[in-house]
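Here's a quick tour of a complex for you to follow on screen. Take a look at the picture first, then work through the notes below.

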Amino acid sequence: MKRLLFILPLLIFAIGAAFLYWGLNPERDPAAIPSVLIDEPAPQFELPPIEASATPGLSTADLANGQITVVNIFASWCLPCRAEHPLLVDLAEQRDVRLVGINYKDKPEDALAWLEELGNPYEAIGADENGRAGIEWGISGVPETFILDREGTIRYRHVGPIHAVELDDVILPILERLQ
Amino acid sequence: MIPELGHFALILALVIALVQGTLPLFGAARGRVEWMEVAKPAAFLQCAATVIAFAALTWSYVVSDFTVLNVVQNSHSAKPMLYKVTGVWGNHEGSLLLWVLILTIFGAAVAAFGRNLPPSLKARVLGVQAWVAIGFFSFTLLTSNPFERVWPPPLDGNDLNPLLQDPGLAFHPPLLYLGYVGFSMAFSFAIAALLEGRVDPAWARWVRPWTLAAWIFLTGGIALGSWWAYYELGWGGWWFWDPVENVSFMPWLLGTALLHSAIVVEKRDALKIWTILLAILTFSLSLLGTFVVRSGVLTSVHAFAVDPERGLYILLLLTIAVGGSLALFAWRAPSLKAGGLFAPVSREGGLVLNNLLLATATVTVLLGTFYPLFVEAFTGGRISVGPPYFNATFLPIMLPLVAVMAVGPLLAWKRADLAGVLGRLKFVALFAVLAGLATWYLQNGGPALAALAMALAVWLFLATLWELAERLRLFSAPLGDSWKRARGLPRAAYGMSLAHAGLAVAMAGMIGSSAWKQEEVRLVQPGDVVALGGYEFRFEGARQVRGPNYLSDTAPLTLLRDGREVGTLYPERRFYPVQQMHTTQAAIRTNGLYDLYAVIGDPQPGGGWVLRIYLEPLVPWIWFGAGFMALGGLVSLSDRRLRVGAPRRARPAVTQPVPAE
Amino acid sequence: MRVLLAVLLLSFALPLAAQEPRLEDPALEARARDLQREIRCVVCQNESIDSSQAGIARDLRELVRERLAAGDSDEEVREFLVERYGDYVLFRPPMRSDTWVLWFGPAIVLLIGAAGIALAVARRRKQGATAPDVLKPEEDARLARLLAEEAGGKERRS
């Protein structure tokens, strides 16, 4: 019995060390926050179109209309958004995916100029000038991209710009699975 | 050339450590004196080699040798010389070199001053120390070599992070490491005792000074880090329960427990097994701290170099050192002879309670710091454990500890008369209650906890003074008699009183700045006046000033009281072009009782500046208190009796039994 | 990933227009400040939205005030944020079955420690059937006097 007591510190340490080892897993990102909206219906929001834009605005109702939707939250002042934009353009045109956007905390002139320059693949864009819609989606930065299924339930969230590798390995398979 | 020399010296040090880690330990096991005697010169050589390595790196920084990769990554020719030197340890590789330097210096110190140690114990201690050194030398050489070269050398370096170009933060790592590494000596002594199979009085006399030295440095290091956060980060806060802060705090808490239980081992030959466990665990926490800071397992504002591969190596080190020592403990500790007896209500009992509370506090901080990791491992979810948790769980443990601390030193060894002691403290208690009530009244609706905590701080402070007064027979004997006693009182007694009183002062400071801080945030234009705490701050407009390697927006604030000008504050906002970073330099004006703290924020697009002003009551007392604690430790350390190696026979009692301290 | 985070942070670090959100009612403002200190900034490394400079932190500060002004209780504001960001956003961990160990751990450790000490003391007392050789203060004094007498006696004799 006494022996057991003396082994206890070693046992506790062993368990602790196992956790630390797990914590070192290179796949793990200690700073990333998983979304709590996965498998939840899309949040409630209603956004007007960007001022003086032909593209319609976006609201929750638009997301549950029987189509698979990719929601991309972007801004003209965001450099990574610029980097991923060509992939989104490609996605919308060639893969026939319904892409909609939320323009986060942007000035209308800047956003329009940006879209003019880089192309506008979005079927609809909601202008979130004060950032509230972004908070509803639980974003911590831009860009962030969400994939919704036909019923408007969020199935996947991607933080940061989408790279070609991620597009092929993660996003497209998910889209296929949801078909 | 010089970097190569440093590199070679480092490798040499590793080789010497390998020798020092094997021959003396075998020698002690077999009784071969020649092998045991290898330890002392090996320790000196190891230290010399490491000094050469460290000097070589420092030299490279001083002359801005940009063929050394480490210098390129962390230095710049325009950097002020002070920061060129302190930048040596302002990065992962260099700080590791500092770690091992301090480790080898401590080892050499034990070799030099350890004449009174039994040879086998000394050989074992130095042998174990060598193994710790081997772990860190190999880690440095294999994964974090500061002497790596780059060719062709770039024109200039990447500069040191501006936040580190600051006197407080420059000296924070050395003090911390002196603390962490100091505890490695207690660790080595504990392992050596387990290997010897016995804990005798010499061991106890040896562990105390080294633990005390480590504790003093760690106290200073933590206080310096906290003070730096206070004046640099711009929010007047000094503790955030950030993981990196917590991992420095845990060895301090457990180290304090170790310090006190070592007293019981020395005076009463009791609590030996527990003290050995504490010595192992305290250093383990130091190693854990190294791991957390450098591996990136937990997110933190201060995380150092974040590299999972290096983290793996440190984890391996941790597993061998801690796992190995705890396995040794499980195997050998049960056969150690249990020590002396004492009644539950006694000085020893009080120290046991001290240990219980400090150990629980340590577990609490450990739990809070690592719980998010556990949750993530089990459920994948993320939770945050921040100040609200620690305030709810840590404070209820520390407040009773403070209450007990006041009474402890008055208790007699072996068996004490608690009722009598409490009776003697009744006036102190009365004052404490009055202080609490006064606080409650004066704070005008502030938190009740603040009043309670202040009462406890006063209780501790006055009880500490009272104990000293009683010892000097201040109120019962003629003054001349008291003076004679004062001259004869061992320094350790003064040290203890100073340290305990220091904690009370620091505590008052913490209460003041947490509970009664005042703040004003305004958008100001030149000429605007902001009022706070009876003062007025007039913004005179911002102007640009050029520094050695930065550009500063300085905003003079004229300080007025009752309409009269009493001074000027110069908060700054600096931009370091090389690292493209902004830092804020708060302007702090202190009168010892409270701080006035002013910060300017970003310039606003419409003109004007955001100005933040704080009034922080009692905040300087935190640093004064910490200073007194460290000073108390130093005074205690200078006590001659602590440095006598061999135990002396106790003299028979003379007239009246005087409680030994 | 780290580079990404840095860039994300940069993309939020634009100086956004003017004034800090602030409520007229001092009691509500105080509640807002207290809440702010407990809410974690989702883009920073371990800062509260009270002290963070990030844009989203400022948005959240505004949001907190909006909801308080609309009559939400503190708990409702917290729930609002947890619904969108998860438990991560609160510095005070929730009290749930998976956090019992966290919240009750310290008290349990204290009790176990105290119990352990009590057991050790009890066992010692049983083992040391002979009472510990502790003299009460008066006995100590008597012994001292006797020794002194002895010594004095020896001196006189010599």
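Domain bounds, as used here, come from an automatic or database domain assignment. With that in mind, chain B is split into domain 1 (1-160), domain 2 (166-408), domain 3 (425-515 + 632-642) and domain 4 (518-617). Keep in mind that this is a predicted model. For the complex, the predictor gives an ipTM of 0.87 and a pTM of 0.89.

**A closer look at helix 7 of chain B**

- From first C-alpha to last, the 25 residues of helix 7 of chain B reach 36 Å, close to the 36 Å expected at 1.5 Å a residue.
- Helix 7 of chain B is also mostly covered, with 18 of its 25 residues buried.

**Where chain A meets chain B**

- Here, 20 residues of chain A are in contact with 26 residues of chain B.
- The chain A side of this meeting has 17 nonpolar, 1 polar and 2 charged residues.

- You'll find A:L99 in strand 4 (residues 98-104) of chain A.
- A:L99 counts as buried because 21 other C-beta atoms lie within 10 Å, and the cut-off is 20 or more.
- Leaving aside neighbours within four places in sequence, the contacts of A:L99 include A:V70, A:N72, A:L88 and A:Y122.
- A:A124 sits 25 residues away from A:L99 along the chain, yet their C-alpha atoms are separated by 7.8 Å.

- Chain C has a mean pLDDT of 78, and 76% of its residues reach 70 or more.
- Among the elements of chain C, helix 4 (residues 74-85) has the highest mean pLDDT (93), while helix 1 (residues 2-12) has the lowest (42).
- Residues 3-18 of chain C have a pLDDT below 50, and beyond near neighbours in sequence this stretch has 29 contacts in the model.

Methods
Residues numbered from 1 in each chain as written. Chains lettered and ligands numbered in written order. Predicted model: local features only at pLDDT ≥ 70, side-chain atom pairs only at ≥ 80, totals over all residues. Contact = placed C-beta atoms within 7 Å. Nonpolar A, V, L, I, M, F, W, Y, C, P; charged D, E, K, R; others polar. Helix = DSSP H or I, 4+ residues; strand = E, 2+ residues; numbered from the N terminus. Expected span 1.5 Å × (residues − 1). Buried ≥ 20, exposed ≤ 12 C-beta atoms within 10 Å, placed from the backbone. pLDDT = per-residue confidence, 0-100.
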